[in-house]
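Good morning, colleagues. Please turn to the sequence and the structure on the screen, and I shall guide you through a few of the sites they contain.

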Amino acid sequence: MSRISACIFDLDGVIVDTAKYHYIAWKKLANDLGFDFSEQENEQLKGISRMASLDILLKIGKIKLSDQEKEILATQKNDYYLSFIKEIGPEEILPGAKDFLIAAKSEGLKIALGSASKNAMLILQRLELVDCFDVIIDGTKVFKAKPDPEVFLRGAQELGVNPDNCVVFEDAESGVEAAIKGGMKVIGIGDSKILHKSNLVVSGLHEMALSKLQAL
Ligand code: BG6
Ligand code: MG
């Protein structure tokens, strides 16, 4: 095995296909506010916290609001999101994700979740994946949004592994930057044009094999 001894996974867009639900919830909110919101613009929102996402959305719509008004809109977006994921279950786990989690664990690697989402625990429960993780760090536990490395450094610390021995799996540019800032290796999940700073880019965890960790 390589010197990698822990894997830290982002959730939305890596383990489960919830990135699309975040996008349509933000788009619905933008439409309520009188403007449209493209998938390309949505790339800026991937990986970052709910409030930081709202700030970007409002900037795109050229709308200025008070903190109190922003709280209401953030809650509205989350209500839309929760209505979209109401029926979510294990069938929405992305191809190869569960197999890779199980393979990594049985190889003795430590496993953490490093997600900005405050809904992460609810989703993991619905996907029946809670037991796959040794440590779960989510949006309820961190203060600084990606690209700050806090979420991944907390994961490494709670696993008792040096950042240098961790690999992060991420679908967002902000998450790739966070992993690099944290001194970790990173595997991009998705588009190599967007995730080009990663050590390796694959289209999904179905393309991953433990042997690929040795080459990082
Ligand atoms: C990240 C998503 O995982 O979590 C973002 O990529 C999302 O799109 C963020 O905004 C926060 O999620 P939540 O569920 O706390 O609103
Ligand atoms: Mg993500």
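Predicted model: local features only at pLDDT ≥ 70, side-chain atom pairs only at ≥ 80, totals over all residues.

An oxygen atom of ligand 1 lies 3.2 Å from a polar backbone atom of Ile 48. In Arg 50, a side-chain N or O atom is 2.7 Å from an oxygen atom of the ligand. In Asn 119, a side-chain N or O atom is likewise 2.7 Å from an oxygen atom of ligand 1. How much of ligand 1 does the protein bury? Taken alone, the ligand exposes 390 Å², and the protein buries 97% of that.

The surroundings of ligand 1 comprise 13 residues, and the closest are Asp 12, Arg 50, Ser 117, Lys 118 and Asn 119.

Asp 12 brings us to the metal site. Which residues coordinate the magnesium ion, ligand 2? They are Asp 10 and Asp 171, each through OD, and Asp 12 through O, at 2.0 to 2.1 Å. Along the sequence, these donor residues follow the spacing D-x1-D-x158-D. Both Asp 10 and Asp 12 are buried.

Finally, I turn to the cavities. How many cavities of 30 Å³ or more are there? The count comes to one. The volume of the largest cavity is about 40 Å³. Its lining is formed by Glu 173, Val 176, Ile 194, Leu 195, His 196 and Lys 197. Sorted by class, the lining of the largest cavity holds three nonpolar residues, one polar residue and two charged residues.

Methods: Residues numbered from 1 in each chain as written. Chains lettered and ligands numbered in written order. Heavy atoms only, no water. Donors = N, O, S within 2.8 Å, 3.2 Å for Na, K, Ca; no water. Buried < 20%, exposed > 50% of the residue type's maximum accessible area, 1.4 Å probe, protein only. 1 Å grid on protein atoms, 1.4 Å probe; cavity = no way out; pocket = protein on both sides within 12 Å on 5 of 7 lines; lining within 4 Å. Points joined across faces, edges and corners; volume = space filled by probe spheres on them. Nonpolar A, V, L, I, M, F, W, Y, C, P; charged D, E, K, R; others polar. Near = heavy atom within 4 Å. Polar contact = N/O pair within 3.5 Å; in protein donor to acceptor, adjacent residues only side chain to side chain. Areas by Shrake-Rupley, 256 points an atom, 1.4 Å probe, with all protein chains shown as cover.
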